Amino acid sequence: MTAITVNGRRHEVAAAPDTPLLYVLRNELALNGPKFGCGLAQCGACTVHIDGKPARSCSVPVSAVKGSVTTIEGLGTPDKPHPVQAAFVAEQAAQCGYCINGMIMTASAFLAQNPKPTEQQIRAALDGNLCRCGTHMRILRAVRRAASEIAS
Amino acid sequence: MNMDRREFLKGAGALVVSFTIPELGSAQQADPKLQQLDAWLAVGADGQVTVFCGKVELGTGVQTALAQIVAEELDVAFARVFMLMGDTALCPNQGPTVGSQTVYRAGPQLRQAAAEARKTLLEMAAAGFKVEAAQLKVVDGIVSAPEGGNVSYAELVGGKKIDRAFSGSARPKSPDQHTVVGKPIPRVELPAKVFGTHVYIQNLRMPGMLHGRVVRPPMPEARLDGVDEASVKSLPGDVRVVVKGNFVGVVADREEQAIRAARALKVRWTQAVELPKMEDMPAFTRGTPGRPRVLATSGDVEAALSGTAKSLRAQYYVPHQMHGSIGASCAVASVTPEGATLWSPTQSSFNLRDAVALVLGMPRDKVRLVWIEGSGCYGHNGADDVTADAALMSQAVGRPVRVQWMRHDEHGNEPKGAAMVMEVAGALDPRGNVAAWDYQVWSPGHAGRPAANGPGNTLAGAQLGLPDNLAPAGADRNARPTYVFPNSRVRLHLLQSTVLRVSSLRGLGSPQNTFANESFIDELAHAAGADPIEYRIRHLKDERAIAVLESVAKLAQWSPRPAPRGGRDAGPAHGRGVAFVHYDNYSGYVAIALQVRVERATGKVSVERVAAAHDCGLIVNPDGLRNQIEGNIVQTLSRALLEEVKFDTEKVTSIDWQRYPILRFSDVPEDIAITLINRPDKPSVGAGEPAAAPVMAAVANAIFDATGVRLRSVPFSAERVKAALA
């Protein structure tokens, strides 16, 4: 049995050790925030935090997870939103929303490291996350808004 | 599980408003089923308004916009309206959610249904208060009498079921009375998307459900020669191999087990086709047998072309492009000998139900399709295919099966946007005006959606040998110019075969036709020594067309540019381009002006700033509208700058994001400025597609302005631009 800590809780999981973390989160723990996009670590839809750092859960075997995992469900809730989540709602920064998990998880980890980023730094931080609806301008506005919220 | 609408409504007290769908009713009088009344909305005893909507949410915000229309007409708080969408057992068939037509077509239907419901409720209240209905006031579903006294809609319904057939006498509000329509109401489902709790099809799990994966040949036409089931025998998860006709899939207990089995399964195929070389595609497309059709003609084009001193001719090409949904397509099916339920993110609940019924060999009244939102689709992506895949696998194993495509399935097998060739010849009169315009387009149809007449439009259906059907729709979209020319001709060569499987990608043939039309008008403006905006307006009669061009000129602080400013100096070149569309010649009006920067050394094109003016009639939700315009622009910039589906002689090779790059954050514009032109007296014609159409031409025109070099093939990749500048 493999054990992992997710959103502050310890779980024993039945999956084979080489199973990507993503399938364990979704199918065993019913945490549907992280999404399957490509399974190749190319698009970012599956992003979670491991010890606060963004990780592509589609490409991390569950047995290799040593740190504490946070999914978007553990980041914030409607009652207690993370500033990045609050900013995404305020800016209406989603269309289909399928990539948004990755945008929020990547941006929240980035702002924790760099709370006063330049525009270029924000764009560089999100460059590995793909959005097909073309919601980029709103996502950028939301991350800027979150940065100024966090800074104030 | 197969509960029908009437049973659903029997449960609780409700006012149910029913009527037939007007545009189907007149065209298809012969079908008695269409004469039945359909329930459109119900006012429950708790005051909740449930709207039964055959259209679905694809991430474009129509769920919110349509709910606004209902709340407006019923005079209830927006939050009371619940949209139940795309369930074939519960919703009226309003046709597929396509063509930027949801607010345009479903909007008036729901507006009328809500107006009918309000009228009925007011008549009931008036009888109770013994006053005229016209004397009553309604605020959030509470009806007030002039002499005092209130009653809520819920109290009026009183737990009873009250059926009201459509009377046709209820008048919707005039736009100056609107308090909900026209407001930037936040998207209903957006918070759940931000907190990770939104229900996507990919999240659906049910007791006893197994996981399936497909095993597809390099090209869908391939013949199955053999499956080595022993190759997966030793794998965990009670792996079962499903083979039917040329269809191959695997089913296992757990998702990762199904993925492993699909990778391991040894299958032999015989390839049925050889693809042309990619570099030959423009000539190959022009040479494909097609049915010629004259779409429009005026004056004498031949005489005008041969009779003028100054004439031009140019050919344009747009390659196959893909939808590229971020989420791999997914569906769940539960098929038993008694009936089937399909959970699907399809755009076409009813048509897909009919097609999958044929794939399963079941009468369609035994099949229910329940729509659940998926990843954004931008047209006909893998959603329908995967639904048929899940159905076939569930039927084979007798358990509910969830199938999700892998990334290579999605990129490799989704139906592609068609490659198209356009050629335009034009001539100028002595004043530089267009004397002749001769347009030709070579395109297949763009509508390969599954339906009762095309079950083979699903991959699984095709692999069972069922008939397919590529409808001609979309090839001619925006082939006809909005400009008025004395002599003009527009011809379509409707191609009878395609290199790759194609179907509807956002805008169908419109972005391609608009690329050609709006590039060529720019070429003529240049030949005439005229500013491209002034030159366009000179040839327009439609006031709304002129208004978007004037508006975008103002927004972009356009300065006249009768000649390209492109010099030959070494540094980065900057240029501006404009393009216009009257979408589908009936829908929204859009003008786009944008600024590019071209790195001469590398050929890299960056779009720095975009200005757009947009008129889609009465605006329902201005923020949702802006979101759609921004999305159309960014997505089509990606198509313009980067996208081309690549293949070798045997297969599509663009099977992941490295081999099919799309625009990233570092390359999206600094700013997209938008002017919305609201036309309260005009129908709301939708905004899901129009702003995509002019983008490719605007970029090409800006590159020309920057460099003096005209690019006539999409994409304007760094490699291609560098070669053109050399």
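Two strands pair if DSSP finds at least two bridges between them. The views below show a predicted model.

**View 1. Strands E1(A) and E5(A) run parallel.** E1(A) and E5(A), residues 68-70 of chain A, are joined by 2 bridges. In this pairing A:Val6 has A:Val69 of E5(A) as its bridge partner.

**View 2. Strands E1(A) and E2(A) pair in the antiparallel sense.** E1(A) covers residues 2-6, and E2(A) covers residues 9-13. Their pairing extends over 5 bridges. Opposite A:Thr2 stands A:Val13 of E2(A).

**View 3. The turn of the hairpin lies between E1(A) and E2(A).** There are 2 residues between these two strands. A:Asn7 sits in the turn. Its phi is positive, at about 50°.

**View 4. Chain A has 6 helices and 5 strands.** Read from the N terminus, the order of elements is β-β-α-β-β-β-α-α-α-α-α. The radius of gyration of chain A is 15 Å, close to the 15 Å that the globule rule gives for 152 residues, so chain A is as compact as a globular protein of that length. Its C-alpha trace spans about 45 × 30 × 25 Å along the principal axes.

**View 5. Burial and contacts are shown for chain A.** Of the 152 residues in chain A, 59% are buried. Buried here means that 20 or more other C-beta atoms lie within 10 Å of the residue's own. Among contacts in chain A with a separation of 6 or more, 60% are between residues 24 or more positions apart.

Terms used. Residues are numbered from 1 along each chain as its sequence is written. Chains are lettered from A and ligands numbered from 1 in the order in which they are written. This is a predicted model: local features need pLDDT of at least 70, side-chain atom pairs count only at pLDDT 80 or more; totals for chains, interfaces and linings use all residues. Helices (H or I, at least four residues) and strands (E, at least two) are DSSP runs, numbered from the N terminus. The radius of gyration is taken over C-alpha atoms; the globule rule is 2.2 Å times the number of residues to the power 0.38. A residue is buried if 20 or more other C-beta atoms lie within 10 Å of its own, exposed if 12 or fewer, and partly exposed in between; C-beta atoms are placed from the backbone. Two residues are in contact if their C-beta atoms, placed from the backbone, lie within 7 Å.
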